[in-house]
Amino acid sequence: MRVWTKTVSTAILAGALLAGGVAGGLWTGADRAYAATATTANGVINVSGSGEIMAKPDIAYLSIGVQSEGNTAAAAQKANAAKINKVTQLLKGKWSISADDIQTSQFSVQPNYTYNEKEGQKLKGYMANHTLSVKYRNLDKIGQLLDEATNSGANNVDNIQFSVENPSSYEEAAIAKALDNAQSKASAVAKSAKRGLGALVNVKVDGGEAQVFTQRENAMSKALMDMSGGTEIQSGQVTVKVQVSAQYEMN
């Protein structure tokens, strides 16, 4: 399992606390750690908090492509079109993947040059590339799908990305953790200020929704060979993260 992290932005506490601040206007020792996570003004503490939920992915985004060479641009493109059409029909037919879940992400036909000191740059031919971005939800069969796509002509398979299709189902638990984190910070600030923590007066989910930190792997580095010689892909877990901004009164 890969762990994904993201830095939580924080505001720096500037100056002495207002409305009955810290005696002497200075924080020392461990208290200073909390000064980097909150601001106070007019007896209100402003803090940020984050909460994370580990989730089993339910969707994969696959990059499946074909590259072909030819003496002319038309020849390279024609050869590539035949191969990508075969791969596409495999995905739609045998694997029952909807056309809505298959999208061209890259297409190009480019000259292919060689170079040496005697002859300089010389046109070798042309290279055609066609890459499909594919959504697939039966994660246990990804390895088999990629094996069959390769056997059908795909020769550029990379960057399998695992995610959750509906992160809102994990939001409630992540928000609860984020608020607990924010309250813990606010309590520490109030305690250091020799005050009590009052009511929560305002809270906002930063960004408006949960963020999904996906697990993204190179298909070849993540592939394991089972006893039958097929490719086995490990989906692991992904992180659903929520950040909140909260305001608390001080008593």
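Okay, a salt bridge here means a side-chain nitrogen of Lys or Arg within 4 Å of a carboxyl oxygen of Asp or Glu. With that in hand, let's walk through the model. It's a predicted one, where local features need pLDDT of at least 70 and side-chain atom pairs count only at pLDDT 80 or more, while totals for chains, interfaces and linings use all residues. Residues are numbered from 1 along each chain as its sequence is written, and side-chain values use heavy atoms, with hydrogens and water left out.

Helices (H or I, at least four residues) and strands (E, at least two) are DSSP runs, numbered from the N terminus. And buried means under 20% relative accessible area, exposed means over 50%, and partly exposed is in between, using a 1.4 Å probe and protein chains only.

So, how many salt bridges does a search of the whole structure find? The search turns up 4.

Let me start with Glu148 and Lys94, whose side chains meet in a salt bridge at 2.9 Å, N to O. This pair ties together distant parts of the chain: Glu148 sits in helix α3, residues 142-151, and Lys94 in the loop between α2 and β4, 54 residues apart. Is Glu148 buried or exposed? Glu148 counts as buried because its relative accessible area is 16%. Lys94, on the other hand, is at 57%, so that one counts as exposed.

Next up, Lys241 and Glu52, another salt bridge, with 3.7 Å from N to O. Again we're linking distant parts of the chain, with Lys241 in strand β12 (residues 238-250) and Glu52 in strand β2 (residues 44-55), 189 residues apart. Lys241 has a relative accessibility of 4%, so we call it buried. Glu52 comes in at 30%, so it's partly exposed.

Then there's Arg137 with Glu165, side chains meeting at 2.8 Å, N to O. Here the distant parts are the loop between β5 (120-136) and α3, which holds Arg137, and the loop between β6 and α4 (168-192), which holds Glu165; the two are 28 residues apart. Arg137 is partly exposed because its relative accessibility is 38%, and Glu165 is partly exposed too, with 41%. Which residues are joined into one network with these two? Salt bridges that share partners bring in Asp101 alongside Arg137 and Glu165.

On to aromatics. Rings of Phe, Tyr and Trp (its six-membered ring) pair if their centres lie within 6.5 Å; planes under 30 degrees apart count as stacked, over 60 as edge-to-face, and the rest as tilted. Searching the whole structure gives 1 aromatic pair. That's Trp95 with Tyr136, edge-to-face, 6.1 Å centre to centre and 80° between the planes. Trp95 is in the loop between α2 and β4, and Tyr136 is in strand β5, 41 residues away.

Last topic, backbone. Most residues other than glycine have a negative phi. Ser96 has a positive one, near 50°. You'll find Ser96 in the loop between α2 (73-92) and β4 (102-116), and with 59% relative accessibility it counts as exposed. Asn159 also has a positive phi, about 55°, without being a glycine. Where does Asn159 lie? It lies in strand β6, residues 156-163. At 34% relative accessibility, Asn159 is partly exposed.
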